[in-house]
Amino acid sequence: MKILFFAYKKFSSLIVFSFFIIILTVICISALRLLVVPDTIFTMSSTIKTYKTINIDTDGNGRKDIIDINIDEAKKEYIVSITNDRGKKFMLPSDSKESIGPYVPYWPLKITIADINIDKIPEIIIQVSDTTHDFPLNIFRWNGKKYSNVLSGNYDGIAIADLTGDRVPDIIVEKTIPGTGEVYSTFTWMAGSYRKINTDMKSSVRGYDNIQTVIKFLSSPFEKEFASSDVFRRCFSEEWQKDAKNMECLNNFSKDIVGIQLKDYIGEEVKYDNGKDRADSWRLRYIVFRKFGSEVKLENYTAQIITEKSAKPPFDYRIKDITFEALE
C-alpha cells in the first residue's frame, strides 16, 4: 500500500508539474506575441495600364478576397474595389463618388497589405501621386461591415514603430510643408481608428536622416568622390564600408544621375531574436533623372534599405544594406 501511495504521489506531482509547464509556455507565447512587429503580408508597386487583380485575404478570416484596380481614363483616376470571399463588393473608399487618387501614367500605384496593429485584421495601405507633388495616402481596415478609412492625408511616406511603449506599432507620417520643411506626426491605434498623438519625434527618425543624406549625395550632378566622402563614414555601418563591392555598386548606380525625387516610402521596425538589437526596414520609391547623351530620361526605382543601431557611440542608426531595383 505504501508503495502504491508513493507511486500515486509521484504521478500527481508529475501532473501538477506538467500543468505548470503548459501554463508557463502559454504565458511565454503570449508575451512573445506582444513583442511581434507587423509583418508585411503583401506589397505591389507597378504601373497599371488598364486594370490589375490581386487575390489576398483582406478581412482576417483566412480566405482570399479579390482587389480590383481599374483606371478611369476620362477622369484620370484610380478606381479600387474589394470583392470578399462571399461575393459582396465594396468600393474604396466606401463613398463610390470619391476615387482613391489621381492616375499618373509614369508613376506606379502602390498597395501594401500589413497587420500594423497586430490584431489579426490586415490594414490596406494605398499610396499614389499626382502632378502637384501631393502624395495621397489611404489606410483601410475591415470593421465587420465595410472597409473603413482609418487614416488618410497627403504624406511623403510612413514609418511603423512602437513609440508609445504599449507594444503595439504606431504610424509616423512625414509631410513636407513649403517654408517649414519636413514635419512628422505620430498616430496610434485607439477606439477603432488612428488618432494623432504628441511624442518625441527624434526617436522616430531611426536612420531615415542618413538615408536622406545619401540620396541627396547620389543625386548631386557634380563629380562624386565616393572613396573620400565623409557621407559614407557618417551614414553607413562599419561592416558595409569594409566591403569594397558596396561602394562600387553605389558608384555604378549613381552614374549620370542629375536628380532624384522621392515619391513615397514605408519603414518598418524589425526586432531580432535576442530582443535587444533593433533595425528598420525601408522601402522607398524614387524618380531618377539620368542623363543619356544630350537627353535627360526619367526612371522609376524602389530602394530597399536596412538601418541598424550602431553598437558604438553615438549609438545612431546607420545604413547596413541598400539596393535599388528598377520598376516596370
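Which strand does S9 pair with in the antiparallel sense over seven bridges? Strand S10, residues 147-154, is that partner. The notes below start from the whole chain and come back to this pairing. Keep in mind that the model is predicted.

1. **The chain as a whole.** The chain has 328 residues, and 43% of them are buried. It holds five helices and 18 strands. Take the contacts between residues at least 6 apart in sequence: 49% of them join residues at least 24 apart. The accessible surface comes to about 18200 Å². Carbon and sulfur atoms account for 57% of that surface.

2. **Strand S9 and its cover.** S9 spans residues 136-142, and seven of its seven residues are buried. In a regular strand, side chains alternate between the two faces of the sheet. Here both faces are covered. Pro136, Asn138, Phe140 and Trp142 are buried on one side. Leu137, Ile139 and Arg141 are buried on the other.

3. **The neighbours of S9.** Strand S8 (residues 123-127) runs antiparallel to S9, and five bridges join them. Look at asparagine 138 in S9: it is the bridge partner of isoleucine 126. Asparagine 138 also has a bridge partner in S10, namely serine 152. S9 and S10 form a hairpin with four residues between them. In that turn, glycine 144 has a positive phi of about 100°.

4. Strand S16 covers residues 278-292, and eleven of its 15 residues are buried. It pairs with strand S17 (residues 295-309) in the antiparallel sense, over 14 bridges. Isoleucine 287 stands opposite asparagine 300 in S17. Two residues lie between the strands of this hairpin. Glycine 293 takes a positive phi near 65° there.

5. **Helix H5.** H5 spans residues 244-253, and its buried residues are Met247, Leu250 and Phe253. Seen down the helix axis, these fall within an arc of 125°, so they line one face. An α-helix has 3.6 residues a turn, so residues three or four places apart point the same way. On the other side of H5, Ala244, Lys245, Glu248 and Cys249 are exposed. Aspartate 243 caps the N-terminal end of H5. One of its side-chain oxygens lies 3.0 Å from the backbone nitrogen of lysine 245.

6. **Aromatic pairs.** The count comes to 14 aromatic pairs. One of them is phenylalanine 90 with tryptophan 142, an edge-to-face pair. The ring centres are 5.2 Å apart, with 75° between the planes. Phenylalanine 90 lies in strand S5 (residues 89-92) and tryptophan 142 in S9, so the pair ties together parts that are 52 residues apart in sequence. Phenylalanine 90 counts as buried because its relative accessibility is 11%, under the 20% cut-off. Tryptophan 142 is also at 11% and counts as buried.

7. Phenylalanine 232 and tryptophan 240 form a stacked pair, 6.0 Å centre to centre, with 5° between the planes. Phenylalanine 232 is buried, with a relative accessible area of 2%. Tryptophan 240 is buried too, at 4%. Ring pairs link Phe217, Phe232, Phe236 and Trp240 into a cluster.

8. **Serine 229.** This residue sits in the loop between helix H2 (208-218) and helix H3 (230-235). Is serine 229 buried or exposed? It counts as buried, at 8% relative accessibility. Serine 229 and phenylalanine 217 are twelve residues apart in sequence. In space, C-alpha to C-alpha, they are 9.6 Å apart.

Note on methods. Residues are numbered from 1 along each chain as its sequence is written. This is a predicted model: local features need pLDDT of at least 70, side-chain atom pairs count only at pLDDT 80 or more; totals for chains, interfaces and linings use all residues. Side-chain values use heavy atoms; hydrogens and water are left out. Buried means under 20% relative accessible area, exposed over 50%, partly exposed in between (1.4 Å probe, protein chains only). Contact means heavy atoms within 4.5 Å. Accessible areas come from the Shrake-Rupley method with a 1.4 Å probe; for residues, only the protein chains shown count as cover. Two strands pair if DSSP finds at least two bridges between them. The arc is that of the directions from the helix axis to the C-beta atoms. A polar contact is a pair of N or O atoms within 3.5 Å; within protein, one must be able to donate a hydrogen and the other to accept it, and residues adjacent in sequence count only if both atoms are side-chain atoms. Rings of Phe, Tyr and Trp (its six-membered ring) pair if their centres lie within 6.5 Å; planes under 30 degrees apart count as stacked, over 60 as edge-to-face and the rest as tilted.
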